[in-house]
Each structure stands twice: as C-alpha cells, then as structure tokens.
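Trainee: I have a structure to go through. Can we take the labels one by one and test each against its definition?

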Amino acid sequence: MGRWARRRTWLVTPALMLAALALGACAQHPQATFSPAGPVSRRELGLMSFSLWLMIGVFVAVCIPLVYAMIRFRERKGDQGLPPQIEGNHRIEVVWTVVPILICIALAIPTIHDAFVLASPPAGSSPLVVDVVGHQWWWEFQYPGQSIVTADEMHIPAGRPIELKLTSVDVLHSFWVPALAGKEDTVPGVVNTMWLQASVPGTYPGQCAEFCGTSHSLMRFDVVAQSPAQFQAWVTGMQHPDVTPTTAEAQAGAQLFSQYQCGICHTIDGTAAKGTVGPNLTNLGERAIVVGGSLQNTPTDLAQWIHDPQAIMPDTIMPAFSTLTDQQLSELTAYLEGLKPQA
Ligand code: HEC
Ligand SMILES: [Cu+2]
C-alpha cells in the first residue's frame with residue numbers, strides 16, 4: 001500500500017465507523033437493552049452506564065497525560081543519552097496501585113449490591129410464576145397456578161413481578177427479552193430462575209440468545225404485558241376454550257386435524273389432541289404471531305406452514321403435509337383460526 005492509500009484508510013475507516021454509529025442511532029429498537037421497560041432492565045442499564053462512564057473517565061485520565069508526555073518530552077535534536085530515570089519512585093508506585101484498587105471497589109460495590117437485589121423478586125411482592133421451556137426452535141410458557149400451556153406469546157400482567165423457572169428439553173437455549181431483563185440460560189435437566197417485570201402494558205420482543213442449531217435465529221417470541229384486568233380475561237379465556245367448529249369448513253378441518261394425527265404432537269385443550277412435542281394450540285385464533293413471529297397468524301401463513309414447515313423453519317421436526325389440497329388446507333386453517341375463548 002502506498003503512503004497516500006494508507007493515509008486514505010486512516011481517514012475513511014473512522015468516518016465509516018462514525019457513520020455506522022450515527023445510522024444505528026436512527027431507528028427505533030424495541031429489542032434493545034438501552035430502552036428499558038421494567039425495574040430489572042432499568043437497574044441493569046444503570047449499572048452498565050455507571051461502569052461505562054467510569055471507564056470513559058479512566059480512558060480520558062490516562063490519555064491526557066499520555067499525549068502531554070508524548071509532546072512535551074519527545075526526542076529533540078541534540079538530545080544526548082537517556083532522560084532522568086524514575087524507576088522505583090515510591091510516590092508514583094503508590095498512586096498507580098491505590099487508584100486502580102479504588103476503581104475496582106467503586107465497581108464492585110454497586111455490582112454486588114445489584115446482583116443481590118436482582119436475584120429474587122422484591123420481598124413482600126406476590127410474583128406470578130411462569131415455567132419457560134426452550135425447544136428447538138420455539139418457546140413454551142406454562143402457568144402452573146392457572147393450568148395454562150401456550151407458546152410464542154408470554155402473557156403477563158404489567159406492574160407485577162414475574163418469577164420465571166427456565167429449562168430446556170433438548171439443547172442449551174438462552175431466554176432474552178432485552179427491554180425487560182438480561183439473559184438466562186435454559187439447560188436440560190436444570191431449572192434456572194430469574195424475574196422480570198414490565199412497568200406498562202406493551203409487546204416486548206424476545207429472542208433465544210444461545211446458538212442452538214439450524215433455526216436458532218428464528219427462535220423468537222413476544223412478551224405481551226397487559227393490564228391486570230386484561231391479563232385476567234386472557235387467563236379465563238385460556239381456561240375456557242371454545243373448540244366447537246362453527247362453520248362446515250371448520251368442521252371438516254377438525255376432522256382433518258384428527259385424521260392426520262396432528263394431536264400426536266399438539267394439544268388443543270378440550271379435545272382429544274394431547275401431544276406435547278409441539279406447541280399447545282389452545283386458542284390459537286387469538287394469537288398475533290405463530291412460529292415465533294416468523295409468520296403472522298393469518299390463514300395464508302398457516303396454510304403455508306402446514307404445507308411446508310421446512311421452508312420457514314429449516315430442520316423443524318414438524319413434518320410437511322404436502323399432500324393436502326388447497327381446499328383441505330383452508331379447512332384446516334379455518335378450524336385453527338376458529339380456536340378462540342368461549343364468548
Ligand atoms: C411430529 C410432530 C408434529 C406433528 C405431527 C405436527 N406438528 Fe405442528 N408443530 C410441531 C412443532 C415442533 C412445531 C413448532 C415449530 C417451531 O416453531 O419451531 C409445530 C408448529 C405448528 C404450528 C404453529 C404453532 C405455534 O405456536 O407457532 C401449527 C399451527 C401447527 N404446527 C399445526 C399442525 C397441524 C395442523 C398438524 C397436522 C396436520 C401438525 N401441526 C402436525 C410438530 C408437529
Ligand atoms: Cu435456542
């Protein structure tokens with residue numbers, strides 16, 4: 001590389017980096033640690049910002065004397081031999097030993113304090129317990145107190161601590177809702193715990209944060225925080241599903257569902273379908289997303305999924321039902337979209 005080319009690289013690289021930073025700051029990022037939406041993530045961000053500012057302080061405090069020394073004590077024409085050596089200067093040795101120790105203590109105190117605060121929900125609060133199960137490549141949410149099992153969308157009441165007990169049925173996954181809390185691994189045979197809370201109702205996107213195989217990047221979910229009354233309505237609806245098809249088309253779909261034995265893998269509460277290998281489809285018609293948000297909950301998307309799941313989620317264990325005709329697919333999806341709570 002010639003001298004000019006090298007100089008150009010020096011100019012272009014930082015310019016590109018600055019541009020990337022500036023552009024990165026433009027968009028809205030709901031899935032970002034920097035927009036905390038609950039007490040846990042807010043505390044975590046506080047700790048992160050505190051460390052960051054402290055580090056920036058250290059960086060500046062080191063750079064200023066460094067640059068000063070480089071200029072002030074640079075080699076000049078006529079200099080002879082080495083300048084005076086100060087090795088073993090006690091005062092300087094003490095300063096640069098004690099100051100870093102103080103910095104470490106300043107970092108350790110809030111870190112340890114917050115680690116204890118975040119270890120369990122606040123004393124005296126009555127957290128809602130949700131069991132989270134990671135599967136390749138979808139999330140299952142069980143509400144042991146309410147006898148509810150669902151997938152893709154974790155409904156929670158806003159303003160109340162949620163205690164999560166996390167595990168996995170296959171490989172390591174990591175449960176992460178950046179706006180609400182830090183990550184927690186899910187490990188087969190082990191139950192890890194964490195808690196989170198959403199301050200206000202809203203939909204907070206989450207993502208598996210541990211590489212877990214082919215479709216890892218598609219292993220997404222939503223946390224749907226609702227007002228306590230809305231959440232209670234959701235609970236009641238999940239406990240009282242209406243599984244009677246209302247149209248002839250949906251009726252035919254219900255028959256296809258049992259004929260093709262979808263119930264080997266799927267449960268629909270209130271029917272003979274009791275499989276636990278795949279997501280529980282109770283009240284599926286109520287969900288905004290399916291397949292972790294890779295699809296919208298529309299008849300077209302559902303039909304596409306049943307016809308060829310591999311095209312959407314490579315290596316999923318859901319088999320393709322490619323022999324179903326378009327007519328049969330719309331019957332099946334009419335049945336599934338009709339799965340709603342009792343009116
Ligand atoms: C061998 C087990 C198996 C069988 C049989 C099976 N599925 Fe699935 N199904 C799955 C798995 C696993 C998933 C989750 C895929 C993912 O998101 O990673 C799934 C996902 C789905 C979803 C999306 C659910 C959600 O929560 O996002 C629908 C709808 C669905 N299956 C319908 C059917 C229908 C209809 C049939 C029968 C025609 C069927 N499945 C047969 C395993 C199965
Ligand atoms: Cu995963």
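**Labels and their cut-offs**

Mentor: Begin with Leu164. Beyond its neighbours within four places in sequence, Leu164 is in contact (heavy atoms within 4.5 Å) with Val130, Val132, Met154, Phe175, Asn192, Thr193, Met194 and Leu196. This is a predicted model: local features need pLDDT of at least 70, side-chain atom pairs 80 or more, while totals for chains, interfaces and linings use all residues. Residues are numbered from 1 along each chain, chains are lettered from A and ligands numbered from 1 as written, and side-chain values use heavy atoms, without hydrogens or water.

Trainee: What makes the copper ion (ligand 2) site tetrahedral?

Mentor: Four donors count as tetrahedral if all angles lie between 85 and 135 degrees. Here the 4 donor atoms subtend 90 to 125°, so the arrangement is tetrahedral.

Trainee: Which residues coordinate the copper ion (ligand 2)?

Mentor: His173 (ND1), Cys208 (SG), Cys212 (SG) and Met219 (SD) do, at 2.0 to 2.5 Å. Donors are N, O and S atoms within 2.8 Å of the metal (3.2 Å for Na, K and Ca); water is not among the atoms, so sites may look incomplete.

Trainee: Why is the site of the iron atom of ligand 1 called octahedral?

Mentor: Six donors count as octahedral if opposite ones are over 155 degrees apart and all others between 65 and 115. The iron atom of ligand 1 has 6 donor atoms, with angles of 88 to 178°, and its site is octahedral. Its protein donors are His266 (NE2) and Met318 (SD), at 2.0 to 2.1 Å. Both His266 and Met318 are buried.

Notes: Buried means under 20% relative accessible area, exposed over 50%, partly exposed in between (1.4 Å probe, protein chains only).
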